[in-house]
Amino acid sequence: MTTGSIPAGSDPRRLLAEVRALAHRVRLDQRLTWVALLVLAAATFVGIAFDFFGMRVNCRPDGSCEFARRGVLYYWPPALLSAYAAIAVCYVRTARSRGVGARVLPYAITGAALTVVFTAAWVVAALYFPSHPHTFPSWVLVLDRLIAPWGTIGVALLVLARLERNVALLLFTLGYLAMVLLVLPMNDGWGSPHWGIRAAFAIPQLIAGAVLLLGAIGFAAARRRHR
Amino acid sequence: MSAGTDHPDPDADHPVTGMDEVVHQRVRLGILTIAHEANRVEFGYLRTQLDLTAGNLSKHLSVLETAGLIEVEKGYEGRRGRTWVTLTAAGTTALSDEIGRLKRLIARVEPTGRG
């Protein structure tokens, strides 16, 4: 790289390409995607136990059951806020040690705001629906999955992908969101009826956590390879 | 009708017109780009990425600081002295103007594809 002024005949294409390459290198050095996914995977796995043991189940003699996922309501709000705070601290510290600033604050703020939305919606639902039973259309169930913790994790990750201009994370997140919104019955439960309601709800969460963990491993491996 | 209207100066809006010599320099453009992407960048990081000596980088930073395009903040992390560079609002504008000029310049010299 020269230190003199750019000669009049210098190629602006090359100059722009250099600018883009420098910007790309900085973005790579600001990323810590695998840590974010690892923290979220850990929060998801721990949440399974809270949901399992915190669920109130009331089964009638005719075989029908009512349940209330109190564990989700008590565990996830503080867990998500702590997770976003931990991710933000890790990003800032790592970026600082690499000599650059971090681009994580809008992600953490989005995550925290979505946590407030999820908590408010679930509190309202917990207070209202037991006395006003409803049968919901499928789009309401998808919306319910979107504002549930596993859905908000995906929405916030979209913001992170945008901040990092990370196409791989964008694709991963779109796949993850499609899975938790359209494939996994996060708000219905899954599995054989004789496993019980608690296990039926644990299985989709286990799969969501495993996908986040695999994502963390994949992004960590990609980072190692890049370095 | 004035002559100026009939025969506009073809170079009047040429991208090189009004080019900022402080920014239109490969290393300084690199510093501004990195500082813009990084929000805040450390001296050592700039030195490594731009492959410069400390003295050389200091001279360029001094030019940009004098022009009001960057802010330089010196501090300590533990016992180690560290220098952080942040882009000012004027620096962001200057970088954006320079990149816009480069793009216009490319568009001007690029063949239209119609022969």
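Colleague: Before we discuss the interface, what puts two residues in contact here?

Modeller: Two residues are in contact if their C-beta atoms, placed from the backbone, lie within 7 Å. Please bear in mind that this is a predicted model.

Colleague: How many residues does the contact take from chain B and from chain A?

Modeller: Chain B contributes 26 residues and chain A contributes 22 residues. On the chain B side, helix 2 (26-38), strand 1 (40-42), helix 3 (43-50) and helix 5 (89-109) each supply at least two residues.

Colleague: Which of these gives the most?

Modeller: Helix 2 of chain B does, with eight residues. The side of chain B that touches chain A comprises 11 nonpolar, eight polar and seven charged residues.

Colleague: Turning to B:Ile31, where is it found, and is it buried or exposed?

Modeller: B:Ile31 belongs to helix 2 of chain B. It counts as buried because 29 C-beta neighbours lie inside 10 Å, where 20 or more are required.

Colleague: Which residues does B:Ile31 touch, beyond those up to four places away in sequence?

Modeller: B:Ile31 touches B:Leu46, B:His60, B:Leu61 and B:Leu64.

Colleague: And which residues are buried in helix 3 of chain B?

Modeller: B:Leu46, B:Gln49 and B:Leu50 are buried there. Viewed down the helix axis, the buried residues fall within an arc of 85°, so they line one face of helix 3 of chain B.

Colleague: What covers the buried residues of helix 3 of chain B?

Modeller: The cover includes helix 1 (12-30) of chain A, together with helix 2, strand 1, helix 4 (54-66) and strand 3 (80-87) of chain B.

Technical notes
Residues numbered from 1 in each chain as written. Chains lettered and ligands numbered in written order. Predicted model: local features only at pLDDT ≥ 70, side-chain atom pairs only at ≥ 80, totals over all residues. Helix = DSSP H or I, 4+ residues; strand = E, 2+ residues; numbered from the N terminus. Nonpolar A, V, L, I, M, F, W, Y, C, P; charged D, E, K, R; others polar. Buried ≥ 20, exposed ≤ 12 C-beta atoms within 10 Å, placed from the backbone. Arc of directions from axis to C-beta.
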